[in-house]
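The terms used are set against their cut-offs.

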Amino acid sequence: MQVYDPREPGFFADPYPQYARLRVENPIHRTRFGFLLLTRHRDLVEAYQHPGLSRNTRLWADYTMWRRGSADGPLERMMDNWLVMIDPPRHTPLRAIHERVFSAQLLASCDAVIEKIVGELLADRDGLDVVGDFADRIPVYLINQLLDLPREDWDAFVDWSHAIARTTEPFLPRSVLREGADAWQAMVSYFAPLARLRRGAPGGDVLTGLATTEVDGVRLSDEELADSLVFLYQAGHPTSTQLIALAVHSLLANPEQLERLRADPGLLPGAVEELQRYDGPVQMNDRVAIEDMNLFGVDVHRGQLVRLCIGAANRDGEHYTDPDRLDLSRTVTDHLGYGHGLHSCVAARLGRLQARAAIRALLDRAPRLRPAGAEPRFLPSMSNRGLVELPVEL
């Protein structure tokens, strides 16, 4: 019987064969790492809506082991204020605040901003690393623009965001945790005076919106605001970067689909959904049992971690026809790349807009787009799939 083993040779380059075996042989899998792993689409959808499963991973009985003994440091306390880590009833007004700020009107205004960022990053280039030179900059620059931050400060946020993102993996060296804590402190110190200024002299930016919006008598506290601003980067930076990078990688690996998209750019909105389903950045979402229960025939105890394997569910043959084939004409309306239910991504539309703009610009400006140099290298991450680099010729 197949077991989950990210140490299997070639796993990070292509985890999908192992996921396929798990779905068939061991779909409700109690792993050697101490968590339950779900891989079927229908099971994930039900788990996302299960009232006995909490988003707060600090409730996991083995949390301190996972975090190398750190249970109440600044990084752990920060996540207590992240929208995706909060359960109802506290979650309800906080999500409503974010939804009001990230309104359809705001998102509609982002098209021109994204186009400008993408155009500047591609200007006067014959080749680039899709990850470091291009995709890694787009989401951070966009968030900085939406927050109305000075241009000279933008690149510092790329490094700070990366340092914090690296702390989300399990069993980390303590040096990585220290670097993440230092980056968090740098971001909080940067935002604290700016938040006070925007509360007193509101503008038309997202920082002002988060600082001043009130729903049902609830407004973000100073601590919640600072952590929510950090969360914007954690929700929008690694995921959007790797959605773009993985999409380009998938198109290069399937040249007939790349040429199909060149011939019919009208396919692009649906193509981004299919690219996310086929090989998306978020591989796992976590839940913790808040009571003893029987989950899909398996006894689960209070404090048990349940990992929802999005990467496996998005290639479930029970749900999608020929799931291991990239088909840009496929209609995909229910992939789980942005989560599902109460904790689905508030700014999912923003991620889609960035991916569309990036791919469209590459199609327009890189008629000979092709790999350059060595084989692409993948991140050694169980939770968030991505590329270390992807050099291309334009």
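Q: How do the residues lining the largest cavity divide by class?
A: In this predicted model, the lining has seven nonpolar residues, three polar and one charged. Phe11, Phe12, Pro15, Tyr19, Gln283, Phe378, Leu379, Ser381, Met382, Arg385 and Gly386 form that lining.

Q: What makes the largest cavity count among the cavities of 30 Å³ or more?
A: The largest cavity holds about 60 Å³ of space, and the count of cavities of 30 Å³ or more is five.

Q: Why are helix 7 and helix 17 called oblique to each other?
A: Helix 7 (residues 110-122) and helix 17 (residues 348-365) pack at about 40°, with axes 10 Å apart. Angles under 35 degrees count as roughly parallel, and 65 to 115 as roughly perpendicular. The pair is therefore oblique. The crossing of helix 7 and helix 17 is right-handed.

Q: Which residues of helix 7 and helix 17 make the contact?
A: Helix 7 contributes Cys110, Asp111, Ile114, Glu115, Val118, Gly119 and Leu122. From helix 17 come Leu350, Leu353, Gln354, Ala357, Ala358, Arg360, Ala361, Leu362 and Arg365. By class, the contact has 10 nonpolar, two polar and four charged residues.

Q: What lines the second largest pocket?
A: This pocket, of about 200 Å³, is lined by 14 residues, with His50, Leu53, Asp87, Pro88 and Leu342 nearest its centre. Six of the lining residues are nonpolar, five polar and three charged.

Technical notes: Residues are numbered from 1 along each chain as its sequence is written. This is a predicted model: local features need pLDDT of at least 70, side-chain atom pairs count only at pLDDT 80 or more; totals for chains, interfaces and linings use all residues. Side-chain values use heavy atoms; hydrogens and water are left out. Axes are lines fitted to C-alpha atoms, for helices over the stretch in contact, and angles run from 0 to 180 degrees between N-to-C directions. Helices (H or I, at least four residues) and strands (E, at least two) are DSSP runs, numbered from the N terminus. Angles under 35 degrees count as roughly parallel, over 145 as roughly antiparallel, 65 to 115 as roughly perpendicular and the rest as oblique. A crossing is left-handed if the near helix is turned anticlockwise from the far one by less than a right angle, and right-handed if clockwise. Contact means heavy atoms within 4.5 Å. Ala, Val, Leu, Ile, Met, Phe, Trp, Tyr, Cys and Pro count as nonpolar, Asp, Glu, Lys and Arg as charged, and the others, Gly among them, as polar. On a 1 Å grid over the protein atoms alone, a cavity is a set of points where a 1.4 Å probe fits but cannot get out, and a pocket is an open set with protein on both sides within 12 Å along at least five of seven lines; lining residues have an atom within 4 Å of a point. Grid points are joined across faces, edges and corners, and a volume is the space filled by probe spheres set on the points.
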